[in-house]
Amino acid sequence: MQKWQQKLIVLIGILLFSTVPVYASGEETKEAGLHKERQTNIELIDTSQNIKRFTYDSGYNFEYPDAVRGIYVTGNSAGSSRFETLLDLVETTELNAMVIDVKEDNGNLTFKPEEGSPYEEIATNFIADPKGMMDTLEEKQIYPIARVVVFKDSVLAKNRPDLSFTQNGEVWVNNKGEAFVNPFEKEVWEYNVDIAKMAAEMGFQEIQFDYVRFPEGFESKDEQLEYTEGDYADMDLNNVKKRVEAVTDFVAYAREELSNYDVDVSVDIFGYAATIEETPGIGQNFSRISENVDVISSMIYPSHWTSYFGIEKPDTEPYKLVTEYAKVENEVLGALDDSPVSRPWLQDFEAPWLYSGPTKQYGKAEVEAQIKALYENGIDEFLLWNAGNTYTENVDYMIGK
């Protein structure tokens, strides 16, 4: 073979197998062939950045309210006649949002996904017509937030003990009979984020992750239970720090995975987490979680505090409790370079377990006291919790505004 023939073969091979870079010019993409030397006004695409035209569009049009003022809605309420009552409450007051269970406390979906979904077996039919529900919320411009319970999951723990915590060969449960799955296991992360993506595709504008933590009191159980530590096993950190890393990393992972869905990401967190560097058992670091979310929702129910702020019986002094908490949270969030929206959970229920005599009743005055305390401390958003979705009537949700 002549040398010129050998060179020709080499040249053809280069033309056939060379990687051809892709460039962006305005809204168009162009292929640059090897024979073209001149390009003008072009720049390499940064593939680490999301391209707007690839963002998922559910087809719904919701406007973010002036400030979210919402209520919690179970799947059962959302799929029953109770929903009409709750819609009326929101429409006739200054409320404007609903936090609706998509994956509830036991680990079940509250609706049936499409046939063939890997989540069919954990699905209930509480919400028989999810599209109809979303259409109604859009029509009434009620801002929809999907609640996804993450690491408290008795269903997944039972089906996959290897993803849970075990003791003597059995899945460990707390004193309420609830099982948790393991935040160290990235398969659990993927499982929950895939559900969150389904919620985004349904039209929810925000994914609110709840129970983003290890079981309560885990600092006294971490050496007793059997579980894996995955990628965290070889980290040169103590058990408390490992738990904080796992929980924080899950939140960062979830936000990144949902970045193409044009939804906000929020996390429910214990209020007391804002008052300490990090929780020793459950793995929540308030500042680090806050740095990885769009919204932080502290559960600051007066009934859930001890005499933490020098208030002997916080459940009886909702205004004072919320005021003292808000001061602490404002300081913590104020120290961050990019702080999220603060949207605390407020108490609209009684706590009979605290009393040997008559229980402190939570009505109009008590709910308004909490809201007023938030407003006075520059916190304009809030959510109301009542497990049975029975909310106090005639509340002025703009009191003091």
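Which helices each supply at least two residues of the lining of the second largest pocket? To find them, select α4 (130-140) and α6 (186-202), which each give at least two residues to that lining. Helices here are DSSP runs of H or I with at least four residues, strands are runs of E with at least two, and both are numbered from the N terminus.

Before going on, note that this is a predicted model, in which local features need pLDDT of at least 70 and side-chain atom pairs count only at pLDDT 80 or more, while totals for chains, interfaces and linings use all residues. Residues are numbered from 1 along each chain as its sequence is written, and side-chain values use heavy atoms, with hydrogens and water left out.

Select Tyr 60, Phe 111, Lys 112, Pro 113, Glu 114, Pro 130, Lys 131, Met 134, Met 198, Glu 201 and Met 202, and you will have the lining of the second largest pocket on screen. A pocket is found on a 1 Å grid over the protein atoms alone, as an open set of points where a 1.4 Å probe fits, with protein on both sides within 12 Å along at least five of seven lines, and its lining residues have an atom within 4 Å of a point. The volume of this second largest pocket is about 290 Å³, where a volume is the space filled by probe spheres set on the points, and points are joined across faces, edges and corners. Its lining divides into seven nonpolar, no polar and four charged residues, with Ala, Val, Leu, Ile, Met, Phe, Trp, Tyr, Cys and Pro counted as nonpolar, Asp, Glu, Lys and Arg as charged, and the others, Gly among them, as polar.

Stay with α4 and colour Pro 130, Met 133, Met 134 and Leu 137, which are the buried residues of this helix; buried means under 20% relative accessible area, exposed over 50% and partly exposed in between, with a 1.4 Å probe and protein chains only. Looking down the axis of α4, you will find these buried residues within an arc of 95 degrees, so they line one face of the helix; the arc is that of the directions from the helix axis to the C-beta atoms. An α-helix has 3.6 residues a turn, so residues three or four places apart point the same way. Turn to the other side of α4, and Lys 131 and Glu 139 are there, both exposed.

**The largest pocket**

Next, select Lys 176, Tyr 211, Arg 213, Glu 216 and His 304, which lie nearest the centre of the largest pocket among the 45 residues that line it. The elements that give two or more residues to this lining are α2 (75-78) and β10 (264-270). The volume of the largest pocket is about 1200 Å³, and its lining has 20 nonpolar, 12 polar and 13 charged residues.

**Aromatic rings**

What do the rings of Tyr 301 and Phe 349 form? Their centres are 5.4 Å apart and their planes are at 70 degrees, so the pair is edge-to-face. Rings of Phe, Tyr and Trp (its six-membered ring) pair if their centres lie within 6.5 Å, and planes under 30 degrees apart count as stacked, over 60 as edge-to-face and the rest as tilted. Tyr 301 lies in the loop between β11 (295-299) and α9 (318-334), and Phe 349 in the loop between β13 (345-347) and α10 (364-376), so the pair ties together parts that are 48 residues apart in sequence. Tyr 301 is buried at a relative accessible area of 6%, and Phe 349 is buried at 12%.

The structure holds 28 aromatic pairs, and a selection of Phe 165, Phe 184, Phe 214, Phe 218, Tyr 227 and Tyr 232 shows a cluster linked by ring pairs. Then move to Tyr 375, where Lys 401 lies over the face of the ring at 4.7 Å from its centre; a charge sits over a ring if NZ of Lys or CZ of Arg is within 6 Å of the ring centre and within 35 degrees of the ring normal.

**Two backbone stops**

Asp 262, in the loop between α7 (239-257) and β10, has a positive phi of about 55 degrees although it is not a glycine, and this residue is exposed, with a relative accessible area of 52%. Asn 394, in the segment after β14 (382-385), has a positive phi near 65 degrees and is likewise a residue other than glycine; Asn 394 is exposed at 67%.
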